[in-house]
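Dear colleague,

Please find below the structure that I am handing over to you. My findings follow directly after it.

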Amino acid sequence: MLARRIIALVILLAGAGVGWFLYSSQISGWKPFRLGLDLSGGTQLVYRANFEAAPTDDVSGAMASLRDTIERRVNLFGVSEPIVQTERGGTLAGAPEERLIVELPGITDTQQAITLIGQTPVLEFRLLKKDVEPPPTGTPLQNMNEFFEAPAVTGKHLTSSKIEFNQGVGGIANEPVVALNFNSEGGKIFADLTRDNVGRYFGIFLDGIPISVPVIREAIPGGTAIISGNFTAEGARELARNLNYGALPVPIELIATQTVSGTLGGEAVGKGIAAGVWGIGAVALFMLLWYRLPGLLSVAALALYVIAVLALFKLIPVTLSAAGIAAFILSIGMAVDANILIFERTREELHGGKSIKDAIAEGFHRAWPSIRDSNISSMITAVILFWFGTSLIKGFALVFGLGVLVSMLTAITVSRTFLLALGIEAKSGVVRFLFESGASRKN
Amino acid sequence: MVIVKNRNIFFALTGALVLASVISLMFFGLRLGIDFTGGTLAQVTYPSGRPSAEEISQSLTKARFTGYSLREAGTNDYVLRAQNMTEDQRANLIEILSVDSNSAEISQLNEIGPTIGKELRNKALIALAAVLICILLFIAFAFRKVSRPVSSWVYGLIALITLVHDVIIPVGFYAALGHFAGAQIDTLFITAVLTVLGFSIHDTIVVFDRVRENLRVNGERNRREDFAETAGRSLGQTFVRSVNTSLTVLITLLVLFFIGPESTRYFALTLLVGIIAGTYSSIFLATPLLVQWEKRRSKK
């Protein structure tokens with residue numbers, strides 16, 4: 001008995017400790033709740049990497065470089081805490097689609113966000129196929145893959161670029177050109193390519209447009225290349241600057257956007273918090289009125305559940321969306337399920353003539369398979385939803401699944417410990433009354 | 001047990017509700033949202049009072065928007081649904097939507113490309129199938145022990161029938177909601193239906209488990225009891241539990257519906273209807289069907 005009481009005390013203290021952590025971290029801003037864009041306000045852009053236009057063997061490398069380049073550019077524009085991530089999506093038929101998801105908190109002008117990303121140039125070096133006449137430069141090429149081989153060197157190999165002035169023929173014209181520096185991998189590929197293909201043409205592409213298609217006269221070691229394409233000084237300078245921010249290895253297409261204004265997001269947060277507080281209050285009141293003393297214990301278990309889940313939200317951290325808040329509020333209603341199952345069974349055993357202590361033990365024992373099954377069926381749903389999910393649904397599924405697991409723990413172990421720690425042996429009418437529930441009938 | 005005795009009344013009531021849902025579905029149909037079709041969904045606020053829909057429509061048509069719809073929302077808002085926008089349309093959206101002195105603010109803008117829409121549609125169907133298969137396996141597992149006088153596959157079949165009921169009702173309801181309030185089928189709706197499936201199957205299984213437990217106890221004690229009696233008694237024993245577990249969930253859903261965020265309002269409503277349907281079917285449909293089956297069988 002003493003041991004049980006000590007355990008109960010430890011649970012209570014731990015709950016209070018975690019509660020204090022929640023409170024103080026909220027005040028100090030350490031480990032804040034992470035809010036999704038639909039709550040904080042901002043823009044999400046989803047791009048598709050167009051590998052049909054620029055085939056490569058190293059898809060994951062290209063995607064990593066794509067992510068780094070976009071991330072650098074987004075950071076440059078002072079967006080706070082942007083998230084840039086890659087994702088493999090796809091309809092079941094056909095090749096999977098490589099996607100780039102860009103989340104820009106605080107940016108609520110969709111077009112501005114698109115422009116910010118869209119200025120990143122796509123750079124490709126491609127060898128012209130054998131026995132093909134070089135196409136005209138300066139205009140977009142429809143059937144690029146018919147003329148050119150797959151890109152050999154791309155934006156992911158670029159380290160820096162600068163504007164230079166070429167000595168024109170006879171030193172007359174000073175044509176502005178852009179000089180590129182490759183990283184060691186890019187430099188090696190470029191050196192090998194030029195050494196093995198002297199006499200062939202290669203095309204330099206910016207955003208899919210052939211800027212120049214020079215003939216390879218000799219091997220070019222040293223990891224540098226020159227783009228010359230009738231630039232004005234201003235045009236060359238702008239290009240060099242944009243290339244310095246990074247160039248993409250593969251063209252990207254916008255396939256989805258989502259923008260939520262800060263006002264709407266803030267409103268949703270306020271309403272979500274209000275709904276959470278009222279939801280907890282209403283469920284607690286119901287449990288107290290219907291189940292009396294055990295009800296009080298289940299409210300304590302519910303409080304511990306709420307504290308534990310909120311702390312997990314902060315620590316994991318879970319990105320909360322409106323759907324996630326809905327899942328949390330739903331989980332409050334479900335968290336007391338296990339308690340209801342146990343209490344109803346305990347009440348039946350009491351009516352069957354058992355002592356309170358035996359009835360409690362039997363109630364827990366008999367209710368367990370039911371609790372396990374209901375949580376299994378909920379977990380199945382949560383797992384499938386998580387897989388099905390767009391980020392919105394994933395948020396729901398994660399919170400829902402987390403809620404199911406944690407609530408099983410709190411509802412069973414915590415309320416059991418509390419109930420037994422009370423150590424009620426008496427058979428007085430008052431105690432029995434406290435253990436009866438609203439629908440009790442002496443049958 | 002009142003419910004078992006008067007089961008014909010409840011069969012009639014259930015039939016009427018299902019029929020109403022099917023009719024609603026046939027007449028109103030389901031409107032797929034942009035999650036599944038691709039397109040643009042914008043919520044536009046007019047802080048200085050909203051202009052008439054005609055004025056905005058003129059401006060939209062001039063900007064070459066086709067096949068769009070405008071619906072009033074809140075006090076100062078419109079919800080615009082349209083096909084995917086061009087770069088120009090997106091760049092000038094605020095100017096296009098601002099009419100005269102009423103300047104528009106965009107509080108929410110979603111664009112989904114056609115490929116993503118198609119992918120989500122496929123995924124939703126697969127998720128639905130996956131949940132159904134898992135639940136079938138779950139039912140098969142839960143009723144693996146053969147029992148008398150009703151064989152175990154009948155329990156499973158009836159559990160499935162109640163599941164169908166639990167899906168038809170919210171779907172029919174949502175069709176009506178779509179017609180009268182412009183609600184569209186989105187990923188959240190699918191989520192709600194799947195959540196209802198997982199939640200309500202369990203309710204039915206608990207009642208059936210109790211029926212079998214009582215049958216077993218009767219067998220052990222050599223007690224003779226009419227099957228309808230046993231089933232009714234089991235229902236009575238689990239009734240409060242069924243109602244109360246649903247009630248606490250319904251309480252939180254009501255709170256979510258009335259004071260929760262706007263974006264999850266229809267979601268909460270769908271869950272509300274689905275869970276009420278699920279609780280109803282596990283009490284008023286499952287066990288009465290079981291009794292009916294046994295009566296039919298013993299007559300032969």
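How many helices and strands are there in chain A? In this predicted model, chain A contains 13 helices and 13 strands.

As to overall shape, the C-alpha trace of chain A spans about 115 × 40 × 35 Å along its principal axes. The radius of gyration of chain A is 32 Å, whereas a compact globule of 443 residues would have one near 22 Å. Of the 443 residues in chain A, 45% are buried. Among the contacts in chain A between residues at least 6 apart in sequence, 75% join residues at least 24 apart.

Chain A includes an open, antiparallel sheet of four strands, in the order S6-S5-S9-S10. Its edges are strand S6 (153-154) and strand S10 (209-212), each of which pairs on one side only. Strand S5 (residues 123-127) is joined to S6(A) by two bridges in the antiparallel sense; in S6(A), A:Thr154 is the bridge partner of A:Glu124.

I turn now to the two chains together. Contacts between them involve 57 residues of chain A and 56 residues of chain B. On the side of chain B that touches chain A, the largest share, 14 residues, comes from H7(B). By class, that side of chain B has 30 nonpolar, 19 polar and seven charged residues.

Strand pairing also crosses between the chains: strand S12 (residues 252-260) of chain A pairs with S4(B) in the antiparallel sense over five bridges. Within S4(B), B:Gln108 stands opposite A:Val260.

Yours sincerely

Definitions and conventions:
Residues are numbered from 1 along each chain as its sequence is written. Chains are lettered from A and ligands numbered from 1 in the order in which they are written. This is a predicted model: local features need pLDDT of at least 70, side-chain atom pairs count only at pLDDT 80 or more; totals for chains, interfaces and linings use all residues. The radius of gyration is taken over C-alpha atoms; the globule rule is 2.2 Å times the number of residues to the power 0.38. A residue is buried if 20 or more other C-beta atoms lie within 10 Å of its own, exposed if 12 or fewer, and partly exposed in between; C-beta atoms are placed from the backbone. Two residues are in contact if their C-beta atoms, placed from the backbone, lie within 7 Å. Two strands pair if DSSP finds at least two bridges between them. Ala, Val, Leu, Ile, Met, Phe, Trp, Tyr, Cys and Pro count as nonpolar, Asp, Glu, Lys and Arg as charged, and the others, Gly among them, as polar.
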